[in-house]
Amino acid sequence: MPFMSVKFSLQKRVKLAQGLWMLYWVSVIMGILVFSLGIFFKIELRKRSELMDNNESHLVPNLLILVGMLACGANAFGGKVCHDSLDPIKFAKWKPMLKPYLLMCCGFNVLLLMTALLCFLMQFAVYLTLAEGLKNGIKFYKDTDTPGRCFMKRTLDMTQIEFRCCGNNNFRDWFEVQWISNRYLDMSNDEVKDRVLSNVEGKYLMDSVPFSCCNPGSPRPCIQHHLTNNSAHYDYDHRIEELNIWTRGCREALFSYYSSMMNSIGVLVIITILLESADMAGLKYLSTALETMADPENPECESEGWLLEKGVKETFAELLTKLKTLGKINQVEEGGDAQEAAT
């Protein structure tokens, strides 16, 4: 007995074909959106590649671009089939392709599901890449005359301004590195010399941050130097006063940006999976309804459509039997090849 069978009159078949045609073209638009977001995500990763030590993974955006293109092609084909389905002559040429097409759609849905899962699971990899990349980026901030690192200062400054953040975890990360190049330090100055000599690694460390950490919304002029020295500023206590620099770390800010993007894309891919499933179910109903017409020459006659020709258990049992048969055939062929090689 067919699974989820439905009786169709001519009017119902026409409505189903028209509704499916519209649904397929909505799926094409979704495919374009997924493709566009894949390109956008790839560009956003490239833009901040320096802050990730050029180790960022492009697996997710590449998959999004691929599934977006496949969605456009597959759904445009489905739309064409639905458009021609009510003309017996035109539908006859599509009929042999429907079974392979529906099988391909099942595989495509599996690929979409994998892509959606990766959108959520790969966020941890992005977090780790950002943590390591920003740590090294802060370390190389001063190397404006070193090949390969010339633009690190500009990249970090623009990132801190755009994302309203400071440092890797917070602004104190700048206290642990020398972020001013030696070429801009007056080594004849006793204070500079003492600060360098007092450090085990010979670095010029200070409780200061770059200008890009300053919050322009603060009513007080930016205090970026001697942040922990209360006596260096009038009416100032760094322990209780709200600092006029960004206190949020760039790792948190960038991860929030990328994770929200990946979550949104993941949800969009899941919606695409639901649309694809609805398209497949509708096309199965339409094709079986057209095949089971009592009199194909009389379009007014009733027909029956279904999702599965047999029940769910019977279908799965038949599928398992086919798989077992294929497995046995492969074993026999391998055994025959082994005997031939022995002789």
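This is a predicted model: local features need pLDDT of at least 70, side-chain atom pairs count only at pLDDT 80 or more; totals for chains, interfaces and linings use all residues.
Take Phe120, which sits in helix H4. Its relative accessibility is 33%, so Phe120 counts as partly exposed.

Okay, on to the cysteines. How many disulfides do we get? The count comes to three.

Let's start with Cys165 and Cys250, whose sulfur atoms are 2.1 Å apart. The S-S torsion there is about 85°, so this disulfide is right-handed. Cys165 is in the loop between helix H6 (152-163) and helix H7 (190-197), while Cys250 is in helix H8, so the pair ties together parts 85 residues apart in sequence. Both Cys165 and Cys250 are buried.

Next up, Cys166 pairs with Cys213, again with the sulfur atoms 2.1 Å apart. This pair links distant parts of the chain, with Cys166 in the loop between H6 and H7 and Cys213 in the loop between H7 and H8, 47 residues apart. Cys166 is buried at 0% relative accessibility, and Cys213 is buried at 0% too.

Then there's Cys214 with Cys222, sulfur atoms 1.9 Å apart. Here the torsion is about -80°, so the disulfide is left-handed. Is each end buried or partly exposed? Cys214 is buried at 15%, whereas Cys222, at 34%, is partly exposed.

Counting bonded cysteines along the chain, the pattern reads 1-6, 2-3, 4-5.

Notes:
Residues are numbered from 1 along each chain as its sequence is written. Side-chain values use heavy atoms; hydrogens and water are left out. Helices (H or I, at least four residues) and strands (E, at least two) are DSSP runs, numbered from the N terminus. Buried means under 20% relative accessible area, exposed over 50%, partly exposed in between (1.4 Å probe, protein chains only). A disulfide is a pair of cysteine sulfur atoms within 2.5 Å.
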